[in-house]
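Please keep the sequence and the model in view while reading.

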Amino acid sequence: MDEREMKEWLELGLKFHGHVCGGMPLGFRAGLLARETLGVEREPNSRLVALAETGEYHLAGCWVDGIMLATGCTYGKGNIHKLFFGKWAVTLVDPGRSRAIRVSVRNDALEQAFNSPFLKQRLAGVPPSEIDQNLARAQFDSVAAAPNDRLFQVSAPFNFEWKSPETTFAVQRCAQCGEITVTRHMRVNAEGKAVCAACLHSPFDYPEDLVVTRGPEGCCWPTPDKT
Ligand SMILES: [Zn+2]
Ligand SMILES: [Zn+2]
């Protein structure tokens, strides 16, 4: 990807993300590096899968928007998953070839970012859009321009079996609220009628066969050989 194209994507990312920060471009660079190392194009459909080791409501949050931007693995398409390890790493999986690559942010790059004037204000509780925008832009630009090897560690490609659930097109009306619902997400109530999960007061009752495998135990999952 040339400089002009990267700039265009990052501008789009800024509009989508909503504020200027270092996290979104960091995720974009990580996703792009993962894509290029794995030798895949940006995903137009749901074939590639991204596994982001981040969680929510902490400093690792912003960068997932950049990962989505670079890889085309998005929450809407259902081919990105958070692993809730609270770490700045992403594994990009090509299920068709059973190959994957893991890109993680270097500790020293993170520590440098944590000590930046922008992050100091974030740590003091200032929302990103309310921080001096010159500081925010400086953080954004420094991440966007840094060489890959200053920012990231990249695994060698490794074998990774991944099977996404089949896409279903089956829908029906909930017997209680009447709203059209994906059949696979419905439940049978006490009267034997097919109802939506919301009508059973269990919106997080996710069908077991759809729950994404979180991989083996251990904080460093997956554990490919580092290069
Ligand atoms: Zn952000
Ligand atoms: Zn319902």
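## Terms and basis

Two strands are said to pair if DSSP finds at least two bridges between them. Strands (E, at least two residues) and helices (H or I, at least four) are DSSP runs, numbered from the N terminus.

The model is predicted: local features need pLDDT of at least 70, side-chain atom pairs count only at pLDDT 80 or more, and totals for chains, interfaces and linings use all residues. Residues are numbered from 1 along each chain as its sequence is written, while chains are lettered from A and ligands numbered from 1 in the order in which they are written.

## Strand E3 and its partners

Strand E1 (residues 49-52) pairs with E3 in the antiparallel sense, over four bridges. Within this pairing, Ala50 has Leu92 of E3 as its bridge partner. E3 is also joined to strand E4 (residues 99-105) by six bridges, and these two strands run antiparallel. Val90 stands opposite Val103 of E4, and Asp94 has Arg99 of E4 as its bridge partner. The hairpin of E3 and E4 has four residues between the strands, and Ser98 there takes a positive phi near 55 degrees.

A residue is buried if 20 or more other C-beta atoms lie within 10 Å of its own, exposed if 12 or fewer, and partly exposed in between, with C-beta atoms placed from the backbone. Six of the six residues of E3 (residues 89-94) are buried, so this strand is largely enclosed by the rest of the structure. Ala89, Thr91 and Val93 point one way from E3, whereas Val90, Leu92 and Asp94 point the other way.

E4 pairs with strand E5 (residues 152-154) in the antiparallel sense, over three bridges; Val105 stands opposite Phe152 of E5. Two bridges join E4 to strand E6 (residues 158-159), again in an antiparallel run, and Asn159 of E6 is the bridge partner of Arg99. Six of the seven residues of E4 are buried, so E4 is largely enclosed by the rest of the structure.

## Helices H2 and H6

The axes of helix H2 (residues 23-38) and helix H6 (residues 133-145) come within 8 Å and cross at roughly 10 degrees. Axes are lines fitted to C-alpha atoms, for helices over the stretch in contact, with angles from 0 to 180 degrees between N-to-C directions. H2 and H6 are therefore roughly parallel to each other, a term for angles under 35 degrees.

Pro25, Leu26 and Arg29 of H2 meet Phe140, Val143 and Ala144 of H6, contact requiring C-beta atoms, placed from the backbone, within 7 Å. The residues of this contact divide into five nonpolar, no polar and one charged. Ala, Val, Leu, Ile, Met, Phe, Trp, Tyr, Cys and Pro count as nonpolar, Asp, Glu, Lys and Arg as charged, and the others, Gly among them, as polar.

Key. Angles under 35 degrees count as roughly parallel, over 145 as roughly antiparallel, 65 to 115 as roughly perpendicular and the rest as oblique. Two residues are in contact if their C-beta atoms, placed from the backbone, lie within 7 Å.
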